[in-house]
Amino acid sequence: MGRDNSQKERQKKQLERRQARRVSYDRILIVSEGSETEPNYFEEIRKFYRLHTASVVVQPSELGTAPIQVVKYAKKLFENGDPHKNIRPRAFERVYAIFDRDDHDSYFNALQLAESLDHKIKNDIRQYIDFRAIASVPSFELWLLLHFEDIQAPISRTEVMNRLKTHIPHYVKGTNDSFACTRNYLEIANARAERLAVRFTAYDAPEPFTEIFKLVANLTTLRS
């Protein structure tokens, strides 16, 4: 019995040490629908603010690009980790699944699944985590366009791209400098996205909507 108590006490102390080391920052896992566009954008942010790779991990979904697959992969990667990517199981305080509305059949199911996981699963220090869907209507590029234009009415994915190219002529899916091209207007984009979030939710498609601004804000608060 004494040996069992001693083992439990050691485990308790180990947990307390891990908690003490991690109170200064949240570890963030970002899983995206896109294999290049969103990962490149958030990697730009990570490097610009000199965020450690242990604090922010960005991965594209390996289960597919449908919203429900993005959420399921985010859950799988969080729970199981991936030794090939040096990702340990449950080693995060916040998990974000990023996807577009587009015409995805599983869009609303994905929103609901993410909501059902929020503060329902625990990490490696036995804390319930934030598990959030970060949706954009119609697409991620709406967030970039908001740096230049105030969009307050429904707009198609094609129109978003056409108008974005008037401001960033070289922009294509997978570009690796979209944050550099927009960061000087970040406060303006935040204000416009916040106004949209007051009027609409992710469930109100086709009304324009994005919560990328919330994730960007979380990342910038981690900067050293």
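These are my notebook entries on a predicted model, from the overall fold down to single residues.

**Entry 1: the overall plan**

I started with a count of the elements, and the protein has 9 helices and 5 strands. Reading from the N terminus, I wrote the order down as α-β-α-β-α-β-α-β-α-α-α-α-β-α. Of the 224 residues in the protein, 49% are buried. I also looked at contacts between residues at least 6 apart in sequence, and 71% of them join residues at least 24 apart.

**Entry 2: the sheet**

Next I asked myself in what order the strands of the sheet lie. The sheet is open, has 5 strands with mixed pairing, and reads β2-β1-β3-β4-β5. β2 (56–60) and β5 (209–210) are at the edges with a single partner strand each, so one side of each has no neighbour in the sheet.

I then walked across the pairs:

- β1 and β2 run parallel and are joined by 5 bridges; Ile28 has Val56 in β2 as its bridge partner.
- β1 and β3 are parallel as well, with 5 bridges between them; here Ser32 is partnered by Ile98 in β3.
- β3 and β4 pair in the parallel sense over 7 bridges, and the partner of Ile98 in β4 is Ile134.
- β4 (residues 130–137) and β5 run antiparallel, joined by 2 bridges; Ser136 stands opposite Thr210 in β5.

**Entry 3: two covered strands**

I looked up burial for β1 and β3. For β1, 5 of the 5 residues are buried, so the strand is largely enclosed by the rest of the structure. Ile28, Ile30 and Ser32 point one way from β1, while Leu29 and Val31 point the other way. β3 is mostly covered too, with 7 of its 7 residues buried. From β3, Arg94, Tyr96, Ile98 and Asp100 point to one side and Val95, Ala97 and Phe99 to the other. I jotted down the general rule beside this: side chains in a regular strand alternate between the two faces of the sheet.

**Entry 4: helices on the sheet**

Which strands does helix α4 lie across? α4 (residues 107–117) lies across β3 (94–100) and β4, and its direction makes about 155° with β4. Helix α9 (residues 212–220) also packs on the sheet, where α9 touches β1 (28–32), β2, β3, β4 and β5. The angle between α9 and β3 is about 145°.

I checked how covered α9 is, and 7 of its 9 residues are buried. They are Ile212, Phe213, Leu215, Val216, Asn218, Leu219 and Thr220.

**Entry 5: α3 against α4**

The axes of α3 and α4 are 7 Å apart and meet at an angle of about 25°. The two helices are therefore roughly parallel to each other. On the α3 side I noted Pro67, Ile68, Val71, Lys72 and Lys75, and on the α4 side Tyr107, Asn109, Ala110, Leu113, Ala114 and Leu117. By type, the residues of this contact come to 8 nonpolar, 1 polar and 2 charged.

**Entry 6: the nonpolar core**

How many residues does the largest nonpolar core have? I found 65, and those with the most contacts inside the core are Ile30, Tyr41, Phe42, Phe99, Phe131, Trp143 and Leu219. Helix α3 (residues 67–80) gives the largest share of this core, 7 residues.

Leaving out residues up to four places away in sequence, Phe99 touches Glu33, Pro67, Val70, Val71, Tyr107, Ala110, Leu111, Ala133, Ile134, Ala135 and Ser136.

Is Val70 buried or exposed? Val70, in helix α3, is buried, with a relative accessible area of 0%. Beyond four places in sequence, its contacts include Val31, Ser32, Ser61, Ala97, Ile98 and Phe99. The C-alpha atoms of Val70 and Gly34 are 9.5 Å apart, with 36 residues separating them along the chain.

Last, I looked at His52, which sits in the loop between α2 (37–48) and β2. His52 has 53% relative accessibility and so counts as exposed, the cut-off being over 50%. His52 and Leu222 are 170 residues apart along the chain, yet 9.4 Å separates their C-alpha atoms.

Terms used:
Residues numbered from 1 in each chain as written. Predicted model: local features only at pLDDT ≥ 70, side-chain atom pairs only at ≥ 80, totals over all residues. Heavy atoms only, no water. Pairing = 2+ DSSP bridges. Helix = DSSP H or I, 4+ residues; strand = E, 2+ residues; numbered from the N terminus. Contact = heavy atoms within 4.5 Å. Axes fitted to C-alpha atoms, helices over the stretch in contact; angles between N-to-C directions. Core = buried A, V, L, I, M, F, W, Y, C linked by side-chain atoms within 4.5 Å. Buried < 20%, exposed > 50% of the residue type's maximum accessible area, 1.4 Å probe, protein only. Parallel < 35°, antiparallel > 145°, perpendicular 65-115°, else oblique. Nonpolar A, V, L, I, M, F, W, Y, C, P; charged D, E, K, R; others polar.
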